[in-house]
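Here is a short tour of one protein model. It covers the pockets, the nonpolar cores and the confidence of the prediction.

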Amino acid sequence: MVGKLKNDVKNEVLTEFSTLLSVENSPTKELNSSNNIPIVNKPILGDVWNVNVSNINSLKYFYVQNLNNYDYIQSIGSELDKYDSTLKKLPKVGHLIAVRDSNGLWYRAKVQSITDLGLNVSYIDFGITNVKVTDYKDLPKALTSIKPMAYRCYFKKVLKEDENILSVQGLLDSIYKFYGAHKITATFLSNNDPYLVTLSHNGKDVLDILYNLVWDGIVPSISDDPINLAKLKMLNKRFLKSKMKVVLVEPIFSMNHFFVETELSYETSKTIRTEIENQKKWIPVFNPEEGQIVIAKNTYDLKLYRARVIKKYEDSEEHKCFLIDCVTFVNCLEMFEPSDYLCTAPPVKIHCSLDISINVSNHILESMNLAFINEIAECKGKSTFMKIKKNENTCLIDLEVSDLNIIQVIKPCEVKVINVKNCNSFKVQLNSSGAQKISNVLKSTKNFFPVSNPEVFQIYIANINKQFKRVKYIGEYMGNFKVKFVDEVPINVVVYELYALPKSIMNVVTTDLYCSLGLENITNYSNKLFIDICNNDKVKFKMVVITNDHIKAHIVRLFLDSKDITSMISNQPT
């Protein structure tokens with residue numbers, strides 16, 4: 001979906017634009033005097049505009065028009081319709097021209113490419129790209145000097161899983177319908193294209209409104225959904241001051257989007273199912289409104305579920321519905337009126353997000369998402385509790401499994417690679433409190449006491465390359481001492497002098513783990529590059545454990561300066 005609209009959505013967008021133009025291009029709206037040409041200024045940081053969202057590339061990226069220029073944008077079509085062209089040759093890529101669409105309406109456009117079948121252009125005042133046209137002419141000089149009046153913008157918070165579910169569920173046209181039917185205000189947070197913005201409607205964050213549709217099936221035009229209100233009331237009453245036992249965490253999309261079923265909601269689910277199964281006569285709903293709560297028959301398993309109606313398909317009797325207690329979008333043909341209880345009982349599954357206080361890159365976040373999904377799968381049957389930190393449509397929570405906050409399990413830790421066999425077999429040492437203590441003591445101790453008669457297999461201090469390190473004495477070698485590193489790659493070296501180990505670090509241990517990058521085709525990656533990057537345990541990495549395996553090796557992701565090391569050691573072209 002990224003980069004352009006689906007054909008059906010694009011056609012709908014263009015049709016709506018055509019309708020607007022046909023209305024606005026009446027004689028009373030024509031602006032044929034140069035005095036009526038507006039001053040077009042690009043947005044700058046801090047600007048607040050009332051806008052029309054003219055095109056959507058994805059949930060994250062979209063184009064806006066300043067409503068101050070909206071009438072003039074609509075009038076351009078009639079001006080171009082009356083203009084006699086002087087164009088006598090094929091335009092070049094990058095040229096600004098006038099083009100006419102299949103509805104006979106004219107637009108300012110930029111040539112993107114030229115084919116045997118015509119031109120591919122972008123409508124510069126609407127942000128619509130890759131439009132095929134065959135009818136075109138040059139622009140009047142007065143219109144060539146006006147800057148494009150559509151500005152590419154984006155939301156900062158949109159994640160990959162948000163875009164994925166939007167694409168899979170085909171909700172982009174519902175979002176465009178919302179934008180087209182409501183007054184939107186844009187606040188610009190940057191000076192450059194694409195512009196970082198926040199959008200609001202009646203004081204509410206538009207992204208929150210869209211998230212309610214994408215993740216909870218709440219139609220944007222519905223502000224007081226009774227089931228959602230029942231959920232918020234329930235959470236305020238029961239959960240904000242106490243932990244609640246979790247029965248099920250499912251489905252899981254990421255750390256930011258997963259659904260929790262508590263002991264209480266599990267009991268609610270049984271009551272809902274009993275209410276549905278005991279209903280003997282259902283009153284059918286033939287023309288449901290968008291956002292209406294109904295009892296819908298799932299076309300897959302033919303069972304009845306509580307649902308919200310999202311939209312009706314134009315070419316079918318089916319409706320897209322959101323099954324509230326299953327957290328899924330389905331197509332439904334048969335719908336019925338719910339009882340009062342079914343219309344107001346809180347949802348079985350609670351939409352949640354982990355309270356993540358650490359600031360990490362998107363690459364590390366993706367690995368933490370994998371770790372979270374795998375950790376929850378491994379924790380089935382273990383004691384699990386949730387504590388709500390913030391009660392919103394998406395609840396911010398702490399999730400504890402066996403009395404351990406799951407963030408402590410999946411967050412990145414600092415390690416150094418101390419022994420490498422290959423990319424799928426190496427040992428790491430955690431930068432634990434023990435490792436920190438050893439480092440601090442060795443750096444802060446001013447005088448170490450020499451040892452003339454060391455005992456074999458005991459730990460001492462040696463000065464190696466002007467650094468003091470813990471070593472294990474192996475034996476005498478040509479009048480010197482043969483030792484092995486304790487806290488690094490366990491290689492043997494010969495030193496001339498050994499020192500007594502400070503008592504404060506005599507029993508301190510470091511944590512070593514056997515790990516693997518989990519690469520399926522290891523020949524596509526360079527072991528030599530991996531070894532070189534590790535640089536004999538001198539390089540510190542951020543590591544996320546994707547899958548725990550205490551028998552063979554933990555599957556991990558290593559990051560250097562927030563970059564996944566697998567991309568650095570790949571033999572394949574990127």
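Helices (H or I, at least four residues) and strands (E, at least two) are DSSP runs, numbered from the N terminus. The model is predicted: local features need pLDDT of at least 70, side-chain atom pairs count only at pLDDT 80 or more, and totals for chains, interfaces and linings use all residues. Residues are numbered from 1 along each chain as its sequence is written, and side-chain values use heavy atoms, without hydrogens and water.

**Pockets**

Rolling a probe the size of a water molecule over the atoms shows where empty space is left. On a 1 Å grid over the protein atoms alone, a pocket is an open set of points where a 1.4 Å probe fits, with protein on both sides within 12 Å along at least five of seven lines; lining residues have an atom within 4 Å of a point. Points are joined across faces, edges and corners, and the volume is the space filled by probe spheres set on them.

| Pocket | Volume |
|---|---|
| Largest | about 1500 Å³ |

The largest pocket has 45 lining residues; Lys157, Leu159, Asp162, Tyr211 and Asn256 lie nearest its centre. Elements giving two or more residues to this lining include helix H4 (160-169) and strand S10 (195-201). H10 gives the largest share, 6 residues. The lining holds 20 nonpolar, 13 polar and 12 charged residues. Here Ala, Val, Leu, Ile, Met, Phe, Trp, Tyr, Cys and Pro count as nonpolar, Asp, Glu, Lys and Arg as charged, and the others, Gly among them, as polar.

The second largest pocket is lined by 31 residues. Nearest its centre are Lys416, Gln467, Lys469, Glu488 and Asp537. Strands S22 (413-422), S23 (425-430) and S26 (467-477) and helix H12 (433-444) each supply at least two lining residues. The largest share, 6 residues, is from H12.

**Cores**

A nonpolar core is a set of buried Ala, Val, Leu, Ile, Met, Phe, Trp, Tyr and Cys residues joined through side-chain atoms within 4.5 Å. Buried means under 20% relative accessible area (1.4 Å probe, protein chains only). The largest core has 66 residues, and Tyr123, Phe155, Tyr179 and Leu199 touch the most other members. H6 gives the most to this core, 8 residues. Apart from it lies another core of 30 residues, among them Val260, Cys352, Met368 and Met386.

**Confidence**

pLDDT is the predictor's confidence in each residue, from 0 to 100. Its mean over the protein is 87, and 93% of residues reach 70 or more. Confidence is lowest in helix H1 (residues 7-24), at a mean of 41, and highest in strand S9 (residues 184-188), at 97.

Technical notes
Buried < 20%, exposed > 50% of the residue type's maximum accessible area, 1.4 Å probe, protein only.
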